[in-house]
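Here is a friendly walk through the model shown below, with a few stops at its strands, charged side chains and confidence scores. Keep the 3D view open as you read.

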Amino acid sequence: MGGPPYDCMSNPLGAVRLTFEKAIGLGSETLTHPSAFDGKDWGALELFRHFLFQESGLSQVPILNPKTLRWVQHNCLVRYRGMIQDMLGNEFYVGAYREEGCSWRTNKFTDVSQYAMESPSDTCIWERRLLYCVPVPGQSSWTVLSCDMDPKWSSQSREKRRRMNDEDEVPMDLAPEDEVKRSPITKKMRENEPPASSEPMDLKTASMSTIQFVDKDNLPCLVKIYDSPESDLKLNDVFEFIGVLTFYSELAVEKDENDELSNILYDDARVHLPPNKVPRLHCLVHRKLAVHDFLLGSPIMEPKPHLVKEIREALFRHLTVVLGNDGVAAHFMLLHLLSKVHTRVDDVAVGKLSLNLTGLSKESVSVFGTRLSQAFKNLLPFTNCMPLTLEYLNTASLAPKKDYQTNRLIPGVLQLPEGSHLMVDETQLESGSLNSIGIDNVKLLKNLIEFQKVEYDFQYYKVEMAADVQLLIFSEGKSNIVPADLIVPFQPSSLESSEIPVGEALEAWRWYLATVRSLPHSIGSEMQKVVEDDLVAARQADRSLGSRDFSRWLTMARLISSSLGETSLTLEHWQMVKEMERLRKERLK
Amino acid sequence: MASDSSPVKFDNGPSSPDDSFSSPIPNTSSPAHLRRRGRRQASTPSSAAATPPPNPSRFANSAATPTPTRSAKRGRRTANSPTPAAAAATPSSTDDFPPPSSEGGDDMEEATPTFVWGTNISVQDVKNAIQMFIKHFRDPQELSNDIYGEGKYTRMIHRVLEVEGEWIDVDAHDVFNYDSDLYNKMMRYPLESSTSMRNLNPSDIEKMVSLKGMIIRCSSIIPEIREAVFRCIVCGYHSDPVVVDRGRITEPTSCLKQECLAKNSMTLVHNRCRFADKQIVRLQETPDEIPEGGTPHTVSLLMHDKLVDAGKPGDRVEVTGIYRAMSVRVGPTQRTTYIDCLHIKKTDKSRMTTEDPMEADKGSQRVADDVQFDEDKVEELKDLSKQPDIYEKLTRSLAPNIWELDDVKKGLLCQLFGGNALKLPSDASFRGDINILLVGDPGTSKSQLLQYIHKLAPRGIYTSGRGSSAVGLTAYVAKDPETGETVLESGALVLSDRGICCIDEFDKMSDNARSMLHEVMEQQTVSIAKAGIIASLNARTSVLACANPSGSRYNPRLSVIDNIHLPPTLLSRFDLIYLILDKADEHTDRRLAKHIVSLHFEDTEIAEHDVIDLGTLTAYVSYARKNIHPKLSDEAAEELTRGYVEMRKRGNFPGSSKKVITATPRQIESLIRLSEALARIRFSEWVEMRDVTEAFRLLEVAMQQSATDHSTGTIDMDLITTGVSASERMRRESVLSAARNIIMDKLQLGGPTIRLLELLDELKKQSSGSEIHLHDLRTAVATLASEGFVVLHGDSVKRI
């Protein structure tokens, strides 16, 4: 093909149409009935994959966020990064239809037929899945892609937009009563904007009404999935969706009083998520995002041990400074940041390593808590904080809960994607009574830290969802409300504030944390024998040791070994574990 | 709609004179009790034909498929389709498919042949076939003697007419047996398939589907117009009722009265129109159908007439209906889907009726509570229960990661299943709950056992003795002022009503909380004083507690009571007390080490062989608790008495005045509960001899561990009930009498005092051989002081 006769970026539907026509054999002798596709792909995806990945079109595709939403075009190719927060089931649509005397046309990847669909003589009903996606909770700012698009592309589109403005075709409704509400938000948004990307004023005001309730960090998106098995996309997964945008107000819900039945039947997502508020993305290609995908510009490095050790050393120094020169705590912190659930056997989530720093008061938390939180925001993709006060426990909705009035899953604080970090500050917890919400919340926290599971409340029943959240608890004494794997009395020796790490170092550390976490790991049979003997000896010496302690040691052993960039356990690592445990025990005395 | 075109009425060929076989109506079950057992087989006719239901009574009962119901209702719907748009937009719709059974009757006899849309099936033929079936079908079970009797369905139609019902249930088996061609037509047009909500896809549209799910929302009742009457505002002429056609009413454009003929003068007369009820219900997948990482799907149901309010939110139901898609205003290319409901069956009636200790109340509960038993599952469980080694197998499956401790596990198993609670007319009640105490060294996986039972028990509460206020309705966050440790104090016992309350670190429980346990474990209630009112709350809970010895290790020289410092009164409330001693066995340690290492370093799952998985185990327990209520057989009762007497006898040493209590009446109750639980494990309605034998064995194993007097080696219940063994008591008595003698000898009335240590020396001199401690003497002197024999001032004893 010498230059495709369509533009995947600005007219993806055109490309879809072309492939469809080709697939049904338009222009050739034998026509294929579109029902043969049964909604499945007929070759359109291949085209887009080629465009995105072979021709590296991906980087040109604008990321959908509140800022870009103002200028990206309806029916254009966009990408959206977010967490699957809710699944709204399947939707049936007229996938293909034929007017009397015309050829077949398709409605795949769009909500609105491109041609008037008056009274089609033949239709095919296909289905698509609806996913409600939101920006990842606690997403650090470094993971958000900047919107510096190819200038040619964005200026072009601005051009277009301006032209459309002139022609008064902007499909935005400017309801006058919104005037009042709008102004403070407009102001807020302006404040939040970096000056570099300021756009012409007229654009901003023109499109403001549509995004008034979409605050800066929170642009939800209704993603319609076409060609993907159900098991591919799971709740709380973080994905990048690339597809066709539908976002304009013509689809706004018209309350049709006469058609009572359809209103009642159709009272779910589409009413509560009106299309002029929540953009729709008709997904062509999707990919699950790992932390690596958030690392910008850093080359994919081989995790070579010497390189890894260097970075580890630097990161360890950084953590030590952040932790007020408490080297022991920094060691444990490093392991904690590398932990993740590797496997689950029965109820045991193998690989988790939650950390409880004790000896903190309200005052010291305000210093070190803030510092750590800042450090984590720089290092980790998703970080969250939870101030554990009585009032919080008694009022917060930690577990996601299904609201049957709106047929939506109301997110809870603990609806977090895999690999999130959660800091729980228990220093502010005072004695007092818990109400029933509080009891449930405590139970949820306990289940999360012990089993890495969260029960979602579907009112008539609960559904247990697996989680993988790193938990760090600050407390005065040992926390029995959120019992962690590791209890480390925190002993800072200086209040010196840490230097702000430079960009390059930060990138290296992020890369390190992301890479090392997923290193494979094994144990040699000799080493296995050594470990077993040690465990037996330890238990013979101290009968109070149990499987929990052993499990912790082995998790630490694995993490130490990985943190040094190695994939099998050595005697040295194992001795480090024993030494760390010795130091910790000393502190506990 | 309700009155005139009741779907059965017209096809009551049977009520016409030509089939007036009159005969009494023998053994039919009342339609109200008909259940739809036949449904599943119905969709697989071949297998059904190959294996006709073996059990006559069941067959009669299974006259259940709602086939005529659906076809009957279809007819009505055809006339007033609520989906005009869909009908127009999707020509593939079979809306105008003339339902086999309902058309015609009165007015369509003369109609030209009509065909089912898209087929060459003649409506007339089908109708005739159905009439033939109704008239001539005879239940093979009844055939034997009454060949000229009225057919099964004729009778049912008569009955339904009498009670002014609207439909009858027809067993698809019967249709298949009588006329397989008719059966095929019935099933395929519309096609019925039993499917899961998740698998509904566009190819199911306009087909009959049957789904299971839970009702989560019901709309208010919507009146739907069926017949409209118009009045001319000019002349006042009332039109004939206009029937809804495809969801629309055609309003007359002009007055129909010849004298008037005014244009656009007709208005609707609301109070002369006829309305029918309609309701939209939302059905959601049940938890077991949700794949990992998914959320439950929902589907809307459209209910008409009698189906309105047939289920309420929270009900688990199985519905049959036609899956429909219709276009919506919000997006012309989108379709909203719903199920035009024809039949609804509640699947969890049993939950309402049983008065079982584990019966679930409404409210927040563990998922396990919601385990529902469909017939397949029940069959599976029953098969399981028939295995000869089920008891062993269950034991093996209980906490498979904790090795050995088989007898403890067996005890726990009994606790899970529980005995029968009994309430006598005299208001005396006997608890069925079995309480177990595990005492042992730290690190002997007691806590893991507790955690495991907590997970498995239908309503388990896990709490630590350190933070249990036992009674509070709310929980309390407490902070240790010194260490800053936070603990949660929860009112565990109330929360675990009808469940198992697992109390870790029982020895650390406050005395106050423990005293509450007395009441809980015997009366099964908790009294709470709040704002001057004493409320008694139910706490029908089994207690599973574990306690660490007060020293760091268990001292086998001392009694259980001395080891854990629990009041004997409380201890005696436990049916079984197990000692789990850590034998510092290197072999076990190595096994643990190996296990943990492989857990961390081998990706292969450690497969436990031949164990029942947790889900099945939970279901098995719940089912047994809910449905099995074993009674004592005479033989078992006799064995109980005999065994008990024998146990008591063991305490009498012939030729000795020494009397050791080896069993107390409390143990009889325990034994009954244990035997009942053991019968339940086998799903047996009768407690048999072997259950009693095993109960005795379990009790003895537990007693051997905890109530053995180490100085004599025999079981001594006094160790549990008073904390002092008989031999110990005798020893104390001898010390007492020796002390009394010395004081009599050495001291004058009101004379000089003697120091305790001197007294001790004297004692030791006299009773050479046996060891006497100062505290023994102190106890003895205290006893003497209480007798008014001496007074004790500090260390000096004075005779008075």
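## A covered strand in chain A

Let's begin with strand β3 of chain A, which spans residues 122-134 and is mostly covered, with 11 of its 13 residues buried. Bear in mind throughout that this is a predicted model.

Which strands pair with β3(A)? Strand β1 of chain A (residues 77-98) runs antiparallel to β3(A) and is joined to it by 12 bridges.

## Salt bridges, one by one

How many salt bridges does the structure hold over all chains? The count is 35. One of them joins A:E240 to A:R81, with 2.7 Å between the closest N and O atoms. This pair links distant parts of the chain: A:E240 belongs to strand β5 (residues 238-246) of chain A and A:R81 to strand β1 of chain A, 159 residues apart. Are these two side chains buried or exposed? A:E240 counts as buried because its relative accessibility is 0%, and A:R81 is buried too, with a relative accessible area of 13%.

In chain B, B:D407 forms a salt bridge with B:R697, and their closest N and O atoms are 2.8 Å apart. B:D407 lies in helix α14 (residues 406-417) of chain B and B:R697 in helix α24 (residues 689-706) of chain B, so this contact ties together parts that are 290 residues apart in sequence. Both partners are partly exposed: B:D407 has a relative accessible area of 23%, and B:R697 has one of 33%.

## A local pair and a network

Another salt bridge in chain B links B:R642 with B:E639, the closest N and O atoms being 2.9 Å apart. Here both residues sit in helix α22 (residues 634-649) of chain B, three residues apart, or about one turn of the helix. B:R642 is partly exposed, at a relative accessible area of 44%, whereas B:E639 is buried, at 11%. Elsewhere, salt bridges that share partners bring A:K529, A:E532, A:D533, B:R590 and B:K594 together into one network.

## A buried glutamate without a salt bridge

B:E676, in helix α23 (residues 665-681) of chain B, is buried yet has no salt bridge. How far away is the nearest side chain of opposite charge? That side chain is B:R680, at 7.1 Å, and a salt bridge would need a nitrogen and an oxygen within 4 Å. Leaving aside neighbours within four places in sequence, B:E676 is in contact with B:G418, B:G419, B:N420, B:P630 and B:V687.

## A three-stranded sheet in chain B

Chain B also has an open sheet of three strands, in the order β26-β28-β27, with antiparallel pairing. Strands β26 (754-755) and β27 (790-793) of chain B stand at the edges with a single partner strand each, so one side of each is left without a neighbour in the sheet. β26(B) pairs with strand β28 (residues 796-799) of chain B over two bridges, in the antiparallel sense. Within that pairing, B:R755 stands opposite B:S796 in β28(B).

Stepping back, chain B comes to 28 helices and 28 strands, and 54% of its 800 residues count as buried. Among its contacts with a separation of 6 or more, 68% come from residues 24 or more positions apart. The chain exposes about 35800 Å², of which carbon and sulfur atoms supply 53%.

Finally, the confidence scores. The mean pLDDT of chain B is 68, and 63% of its residues reach 70 or more. Over residues 1-111 of chain B the pLDDT stays under 50, and the model has 228 contacts beyond four places in sequence for this stretch. Residues 349-371 of chain B are below 50 as well, with 42 contacts in the model beyond near neighbours in sequence. The model scores ipTM 0.75 and pTM 0.69.

Conventions: Residues are numbered from 1 along each chain as its sequence is written. Chains are lettered from A and ligands numbered from 1 in the order in which they are written. This is a predicted model: local features need pLDDT of at least 70, side-chain atom pairs count only at pLDDT 80 or more; totals for chains, interfaces and linings use all residues. Side-chain values use heavy atoms; hydrogens and water are left out. Two strands pair if DSSP finds at least two bridges between them. Helices (H or I, at least four residues) and strands (E, at least two) are DSSP runs, numbered from the N terminus. Buried means under 20% relative accessible area, exposed over 50%, partly exposed in between (1.4 Å probe, protein chains only). Lys and Arg count as positive and Asp and Glu as negative; His and the chain ends are not counted. Contact means heavy atoms within 4.5 Å. Accessible areas come from the Shrake-Rupley method with a 1.4 Å probe; for residues, only the protein chains shown count as cover. pLDDT is the predictor's confidence in each residue, from 0 to 100.
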